[in-house]
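This report describes selected features of a single protein model. Please consult the sequence and the coordinates alongside the text.

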Amino acid sequence: MFCPELGDDVTEVRDWVHAFARDVIRPAGAEWDEREETPWPIIQEAAKIGLYSLDFFATQWFEKSGLAIPVAFEEIFWGDAGIGLSIVGTGLAAAALASGGTQEQMGEWLPQMFGTENDVKLGAFCASEPDAGSDVGSIRTRAVRDGSDWIINGVKTWATNGGIANVHIVVASVDPELGTRGQASFIIPPGTRGLTMGQKFKKHGIRASHTAEVVLDNVRVPASCLVGGEERLTARLTKARNGEKSGEQSAMRTFETTRPSVASMAVGISRAAYEYARDYAREREQFGRKIGENQAIAFLLADMATRVDTARLLTWRAAWMARNGRQFNQAEGSMSKLVSGETAVWVTEQAIQILGGAGYTRDHPVERFHRDAKIYTIFEGTSEIQRLIIGRAVTGLPVR
């Protein structure tokens with residue numbers, strides 16, 4: 001049974017990560033937001049203490065309750081979302097490889113996604129395209145077999161760490177007639193000819209996180225870079241061509257696996273905004289009393305606290321289910337992402353309202369929290385897509 005009580009190990013990690021977020025991440029948040037650059041010095045500091053490392057991510061991912069990753073991510077993003085995504089963004093590429101790769105592939109490429117404390121590296125997961133965002137079935141990037149190699153051509157967009165990563169995981173179509181069932185993921189090793197960075201995006205929020213296009217022009221990789229291997233792909237394509245169930249396609253499998261983790265990021269932003277507004281309301285005086293003594297403010301803070309806890313509990317439930325092999329029969333992963341993302345947008349907006357004009361300025365972090373929050377109703381599956389998935393799950397009907 002799911003129990004929202006943290007074990008000693010998870011509690012210890014939570015407190016350790018919180019201290020790093022408080023002392024290192026949060027003080028640097030405004031600077032790197034303004035600079036709109038990858039915060040390499042902060043990532044380096046995280047690597048030095050073991051927070052940015054394959055060992056940390058693997059240990060927390062396989063923690064038995066399933067709560068270690070969402071708990072740690074909440075603390076990191078409580079510190080700052082832009083810097084936070086720079087620290088954990090490699091995790092999406094790592095999850096894509098871990099969810100479908102062979103033991104040999106994971107052993108070779110996962111360490112290269114992180115590097116070492118003295119030589120930090122990044123990973124990037126490339127699924128979205130200019131004409132294929134939520135509609136992953138419209139992916140046009142094509143992978144064609146050429147002897148013992150694969151040749152990949154296409155353009156990816158909205159890629160976290162895209163173009164600056166050491167290792168890229170790219171979703172491509174190997175049989176366009178099969179739609180999503182004809183897709184596969186490929187490892188693009190560092191220095192591979194033909195992979196270049198296209199446009200780097202200037203964003204509304206999460207500005208410290210690098211987001212860019214990735215251009216693939218006759219990128220040639222050996223068959224060993226096909227995630228999961230040739231035999232597995234052949235078996236899956238054969239089933240699909242025969243009309244049999246062949247399992248989830250690579251992009252959607254990755255997104256489903258990581259939804260509770262993404263939801264926890266939004267919870268961290270929500271909590272940061274709520275706590276800042278609460279503390280402000282305790283100190284700010286108007287008309288001879290603390291503004292927190294006014295019902296309008298106190299009730300708003302009550303709703304903010306309640307929504308943050310609701311989002312967290314949905315996230316923890318989904319993470320626990322995923323870790324313990326429980327099927328998302330009611331789309332619990334999508335529920336956690338939907339509620340957490342929309343809660344982050346609402347809570348951060350109310351935090352600005354509580355601070356009034358001060359909240360609209362960059363003298364206080366709540367305006368940055370609000371800008372950072374909005375992406376959580378968009379990326380990794382929009383709120384509308386989450387509702388579609390949930391609607392299909394609860395009705396059993398092909399909702400469109």
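Which residues touch the most other members of the largest nonpolar core?

## Basis of the description

The model is predicted: local features need pLDDT of at least 70, side-chain atom pairs count only at pLDDT 80 or more, and totals for chains, interfaces and linings use all residues. Residues are numbered from 1 along each chain as its sequence is written, and side-chain values use heavy atoms, with hydrogens and water left out.

## Nonpolar cores

In the largest nonpolar core, which has 105 residues, the members that touch the most others are I87, F186 and I354. A nonpolar core is here a set of buried Ala, Val, Leu, Ile, Met, Phe, Trp, Tyr and Cys residues joined through side-chain atoms within 4.5 Å. Buried means under 20% relative accessible area, exposed over 50%, and partly exposed in between, with a 1.4 Å probe and protein chains only. Helix α9 (residues 250-283) gives the most to this core, namely 11 residues. Helices (H or I, at least four residues) and strands (E, at least two) are DSSP runs, numbered from the N terminus.

Leaving aside residues up to four places away in sequence, I354 touches A277, Y280, A281, I291, I297, L300, L301 and M304; contact means heavy atoms within 4.5 Å. Another core, of 10 residues, lies apart from the largest one, and its members include L6, A318, W320 and M321.

## Packing of α6 and α7

Helix α6 (residues 90-100) packs against helix α7 (residues 103-114) at an angle of about 180°, and their axes are 10 Å apart. Axes are lines fitted to C-alpha atoms, for helices over the stretch in contact, and angles run from 0 to 180 degrees between N-to-C directions. The two helices, α6 and α7, are therefore roughly antiparallel; angles over 145 degrees count as such, those under 35 as roughly parallel, 65 to 115 as roughly perpendicular and the rest as oblique.

On the α6 side, the contact is made by T90, A93, A94, L97 and A98, and on the α7 side by Q105, M106, W109, L110, M113 and F114. By class, the contact has nine nonpolar, two polar and no charged residues. Ala, Val, Leu, Ile, Met, Phe, Trp, Tyr, Cys and Pro count as nonpolar, Asp, Glu, Lys and Arg as charged, and the others, Gly among them, as polar.

## Cysteines

The count of disulfides is zero, a disulfide being a pair of cysteine sulfur atoms within 2.5 Å. The sulfur of C126 lies 14 Å from the closest cysteine sulfur, in C225, which is too far for a bond. C126 is buried at 0% relative accessibility, and C225 is buried with a relative accessible area of 2%.

## Individual residues

D23 lies in helix α1 (residues 8-35) and is partly exposed, at 48% relative accessibility. D23 and G79 are 56 residues apart in sequence, yet their C-alpha atoms are 8.9 Å apart in space. E367, in helix α12 (residues 366-373), is buried with a relative accessible area of 12%. Not counting residues up to four places away in sequence, E367 touches I352, G359, Y360, T361 and R362.

N161 is not a glycine, but has a positive phi of about 70°. N161 belongs to the loop between β5 (149-160) and β6 (167-173) and is buried at 2% relative accessibility. E380, also not a glycine, has a positive phi of about 60°. E380 lies in the loop between α12 and α13 (383-395) and is buried, with a relative accessible area of 14%.
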